[in-house]
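Hi,

Here is the structure I promised to pass on. Have a look at it first, and my notes on what turned up follow below.

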Amino acid sequence: MNYGISDNPRHVGLELGYLRTLQCVEATLDMDQKTLKKLVESISNTVKNFKKSEVECLVRLFHSLVERANVRLNNLGLDRNAFGAILHSVFGMTDDMLMNRVFFVFDKDHNNRINVKECVKGLSVFLRGTFEEKLKFCFEVYYLNGDGYICREEIFDMLKNSLHQQSSEENDEGIKELVDITLKKMDYDNDGKISFADFEKAVREERLLLEVFGPCLPEAKLCCPRHKSVNCL
Amino acid sequence: MSKQEKRFSDEKEKKEPTNEPPEKEEAAPVQKALTGSGKRTLEKNQINFGKSQMTKRLEPSLSWKATVRFKEYRSLLRDPQEEKHRRRPERSGPPVKPGRAQLVRKSNEKIEEIISESSSESEEGEEPLDRQEANADLPSEYWQIQKLVKYLKGGNQTATVIALCSMKDFNLAQETCQLAIRDVGGLEVLINLLDTDEVKCKIGSLKILKEISHNPQIRRNIVDLGGLPVMVNTLDSPHKSLKCLAAETIANVAKFRRARQAVRRYGGITKLVALLDCGKSSAEPAQSSLYDARDVEVARCGALALWSCSKSYTNKEAIRKAGGIPLLARLLKTSHENMLIPVVGTLQECASEENYRAAIKAERIIENLVKNLNSENEQLQEHCAMAIYQCAEDKETRDLVRLHGGLKRLASLLDNTDNKERLAAVTGAIWKCSISKENVTKFREYKAIETLVGLLTDQPEEVLVNVVGALGECCQDYENRVLVRKCGGIPPLVNLLVGVNQALLVNVTKAVGACAVEPESMMIIDRLDGVRLLWSLLKNPHPEVKASAAWALCPCIQNTKDAGEMVRSFVGGLELVVNLLKSDNKEVLASVCAAITNIANDQENLAVITDRGVVPLLSKLANTNNDKLRRHLAEAISRCCMWGRNRVAFGEYKAVAPLVHYLKSDDPNVHRATAQALYQLSEDADNCVTIHENGAVKLLLDMVGSTDQDLQEAAAGCISNIRRLALATEKARYT
């Protein structure tokens, strides 16, 4: 049975260009129907953006990916490298640091593996997130040390490769100024760092700032435009 | 990067394919500017002639390119002499950005096409090139913006987005900021960004371009830098927000002719029309609920851009060919006011063209225009009224407006006189609708006529032209003439005879002429010296005014007591009229003949004009195919025959033979007039011979059986004269 991405209009949610690039051929699922059903059920309870049929598809997909990544099926899930490879090949992301951060955010229980639940949950935001969900996601990606704020050094770190300058002093100068500009724009409470409230306010005012410190969401052009909430910029 | 930099540093970018004289001129002014001369470079740009819509306009070539920008540099900086030295270090070599397309300078069009535009380009005006900016304003925003542009040039997508968002925070409506962006080379970079694949950068860039393109200078710069083709291509993007932003920016940029032409040339019109196509189902009549909000926005922006572009004649055609009308018609049925305004605006611009009017009728647009007249939005009302004004040249439209209840609404909109543009549009619509008698009846019912009379004073010329036009049409009807007189409409009308506005004068003379049919009104006109004013309008340089004044004089002369005296009292008046017979304009000639017919009723005046050579002048006109001229000419001739030897003279000047040919025309008025002329002429024997020789008898015989009594009598009289002569000749032969 080919449980790849179905063009069947009943499985309408998954006409995502991305997932087509994956060749999920016969996903031999090491799981019986009942377990699968329970799994799908439990995931669907927490993930609202996909239909049950879509969740099932994703579960199968996940398992095929895990298999392909040659990781032992111990149900722990995808490791950093495997996940990074997917982000790169399917979603076109190239920034290593950010890809790491995305992995970190997907991996809610911080066991360095993304299991199926985490994967589906993450993808639901990645691909179909509402504006608020994406907002939270991006912010989580950006604040590196987990204290809930994005501070100056972290911004510097994220932006340090964003200029093409000859000398490294000029580069540093330029980046510092850029960091200043960013803080001036986004730090509404003037405490020298960006809180979630700051971030939210800034992005609500200017939608382009959602991925201000680097692309951490799939390219807007490939997004599925079903939602009423703004998916595409 | 500045244009100057490109010139000096990057030879391969420079594209100067043509080598015309204007090119060479640029070098000279540039040199002059370098040496700090303050002389203003020749701005051979659009000059506002301020003429009416009808005038064709010759546009000089644009050769200001580098000189304009260079002058801006100078004026903006503190010390003009230091300028080039200080600025050099900043512009170190064109940075090559990975993944960014290099901006290729498009060659500018030098020679403008000669095209008539339907709207005056008063918004172009003179572009004030030389700006002495307050130098104190300069530093802070200028340097900040310069820094941001540096990031645009040297940063990756992330840095670029940040810089763009930050730049947007400046007050982009303020000219210093706009020019600052341009002067640090920001425009090139922004346009470059549009050529990339990076969606966020494009969006950010367009947001800025949209704001700063409100500035007329910036618009021209954008076009010169090749911004339009890039923007037009962006219209193809699948992202709705990009489409919207691109269309809105085009709407701002396409406010001068060269830009409008460029949009068309790069295929923009077709793409913009495609944006209008936002309905999901074409089967059902459009309901707003069927439209996705974003699609509505796309359509609105498309309509805005088309509105700007539609001011050019060629674009109007292009829009029609691209299938714009059915789409506009469909959008007209929605109730989104924001969208309706540009849609109606576009329709109104285009409706000045004949081809459009047929299509407009077909698409039931009139009905929706009338419906939207009922909206509360003043701008929408204005544009709907304008559209109706354009379309109501056509009878069917006039009926449609009445059928859908538009007349009442138009009449009620007359009451609010604050918004002058709207008032001009409404009065214009009323004027054109009044061409139909049934509509005039309705207007009287709605008390519009009294209101119109009230608007004869204290209104701007655009309003007056229409008000007077409307009154002129209404006064074709007896009851309205009385009404106008009773409302005191005659004095203000006569006052307007002294203006200079051509269109206004044409309408005023027509209105006064219409009123003059009424003897009582005529007395008022005469008392106010109206006839003398009309007579002096015969000296007006415009033929339409001359003709209209002459037509108006006819009822004046007919309906005045002591008309002969009055006419004689105008010094040089008769000479003036006779001399007008030398004009080339058929309308003028016809009207003057009609006037002469009336003047010649008085014997003394007839003697005077005979002395002035009216007979040869009239005779010279006899060879014409123009029925209107024929009729009035024949009438004039028949009247002039009643003095002295004019009959004979007409024969000598060979007027008779051509007259016979008039009988072959289809126009019954021409028949009658000619028959009467021939009857008068046939009192002279030689003329009889000529008439007979030219085969008039057969034609006249047919006319004897006509239903027109005057024609019958005249034809019969002429034939009888000929016959009598023939008999007399025979008798003479045998005695």
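**What I found**

In chain A, residues 94-129 have their end C-alpha atoms 21 Å apart, and the span is 67% helix and 0% strand. Before going further: this is a predicted model. That span is one of those that the unreviewed UniProt entry annotates as "domain: EF-hand", along with residues 130-165 and 174-209 of chain A. Residues 174-209 of chain A come out at 64% helix and 8% strand, with 20 Å between the end C-alpha atoms.

On to chain B, where UniProt (again an unreviewed entry) lists "repeat: ARM" at residues 226-268, 572-614 and 654-696. Residues 572-614 of chain B are 72% helix and 0% strand, with the end C-alpha atoms 15 Å apart.

Next, the inside. The largest nonpolar core holds 285 residues, and the ones with the most contacts inside it are Val102(A), Phe126(A), Phe137(A), Tyr142(A), Phe199(A), Trp535(B) and Leu618(B). Helix α15 of chain B (residues 293-309) contributes the largest share of this core, 9 residues.

The buried ones are Gly406(B), Leu407(B), Arg409(B), Leu410(B), Ala411(B) and Leu413(B). Among the elements covering them are α22 (395-403) and α24 (420-433) of chain B.

So how do the two chains meet? Contacts link 21 residues of chain B with 23 residues of chain A. The area buried between them is about 2,200 Å², with carbon and sulfur atoms giving 64% of that. On the chain B side, Tyr151(B), Ile162(B) and Lys200(B) lose the most area to chain A, together 28% of what that side buries.

There are also 3 salt bridges between chain B and chain A. In one of them, the side chains of Lys207(B) and Glu206(A) come together at 2.9 Å, N to O. The side of chain B that touches chain A draws at least two residues from each of α5 (138-154), α6 (157-168) and α9 (199-212), and α6(B) gives the most, with 7 residues.

Cheers

Terms used:
Residues numbered from 1 in each chain as written. Chains lettered and ligands numbered in written order. Predicted model: local features only at pLDDT ≥ 70, side-chain atom pairs only at ≥ 80, totals over all residues. Heavy atoms only, no water. UniProt positions renumbered as here; feature names shortened; annotations may be inferred. Helix = DSSP H or I, 4+ residues; strand = E, 2+ residues; numbered from the N terminus. Core = buried A, V, L, I, M, F, W, Y, C linked by side-chain atoms within 4.5 Å. Buried < 20%, exposed > 50% of the residue type's maximum accessible area, 1.4 Å probe, protein only. Contact = heavy atoms within 4.5 Å. Buried area = accessible area lost by both parts, 1.4 Å probe. Salt bridge = Lys/Arg side-chain N within 4 Å of Asp/Glu carboxyl O.
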